[in-house]
Amino acid sequence: MKISIVIPTLNEEALIGPLVRHLLTVSAGLVQEVIVADGGSQDQTVTMAQQAGARIVRCAGASRAKQMNAGARAAHHDILHFIHADSWPPAGYAAEVVNAVKAGYKCGCFRSKFLTTNRFLLLNSYFTRFKGLVFRGGGQTLFVEKQLFWQVQGYDERLLLMEEYDLIKRLSGQGRFTVLPQTVLVSARKYAQVGNVKLQMAYGLVMLFYFLGAPQQKLQQIYKRFIS
């Protein structure tokens, strides 16, 4: 089994080069391609990604769901692994993913830990070890057998928020989902920009209204109210 990695990007020139090199270096040959699905970066993201060894898929706009689907369509291998540009998977991550799939887990993620000493965010990180949907997040990365991904029709491109939760919910209904015990390190940059409590409140309310069935427009209004 081989892995195709898909990374959605928008103006990530500071992070994308080191991340691509890391993913290829510690994959033990199991990662055969890293696809950067770029949503129209105005900086050197595309150049940095290419120089590091990634293949570029250019997308019409910045929508994670559309970008990740575009990357998945370009992928050649059995396992898709979606990774955000500000996440740093552990050494040996590829072998852990392949072993999980061989063990019958068709989809899953890692635990995550914010790169911070802030106790609030470290407590937040602690809960990523549990399997409930409420404890998931894009920073944990997401791997899935390509056949299953397309069986559930991939990411819902109508969604601008909560697209990963929506996909995981549909995947879990079709295949065994697992949370691997290794840890992905995640940048806390957004919390630093917006404020820890303020951003967590935004995420919490968006999640609450999502589970209550609120439309995307309502979720966007809530999110923008906190981060604007």
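1. Strand β2 (residues 31–38) is largely enclosed by the rest of the structure, because seven of its eight residues are buried (under 20% relative accessible area, 1.4 Å probe, protein chains only). Strands here are DSSP E runs of at least two residues and helices are H or I runs of at least four, numbered from the N terminus. The model is predicted: local features need pLDDT of at least 70 and side-chain atom pairs pLDDT 80 or more, while totals for chains, interfaces and linings use all residues. Residues are numbered from 1 along each chain as its sequence is written, and side-chain values use heavy atoms, without hydrogens and water.

2. Strand β1 (residues 3–9) pairs with β2 in the parallel sense over seven bridges; pairing requires at least two DSSP bridges between the strands. Proline 8 lies opposite alanine 37 of β2. From β1 the chain passes through helix α1 (residues 16–25) to β2 in a right-handed β-α-β crossover (clockwise from the first strand over the helix to the second, with the strands pointing away from the viewer).

3. β2 also runs parallel to strand β3 (residues 55–58), joined by four bridges. Valine 57 is the β3 bridge partner of alanine 37. With helix α2 (residues 45–52), β2 and β3 make a right-handed β-α-β unit.

4. Cysteine 109 belongs to strand β6 (residues 105–114) and counts as buried, at 1% relative accessibility. Beyond its neighbours within four places in sequence, cysteine 109 is in contact with residues including Arg136, Phe143, Phe177 and Leu180 (heavy atoms within 4.5 Å). Tyrosine 93 is 16 residues from cysteine 109 in sequence and 10 Å away in space, C-alpha to C-alpha.

Definitions and conventions:
Buried < 20%, exposed > 50% of the residue type's maximum accessible area, 1.4 Å probe, protein only.
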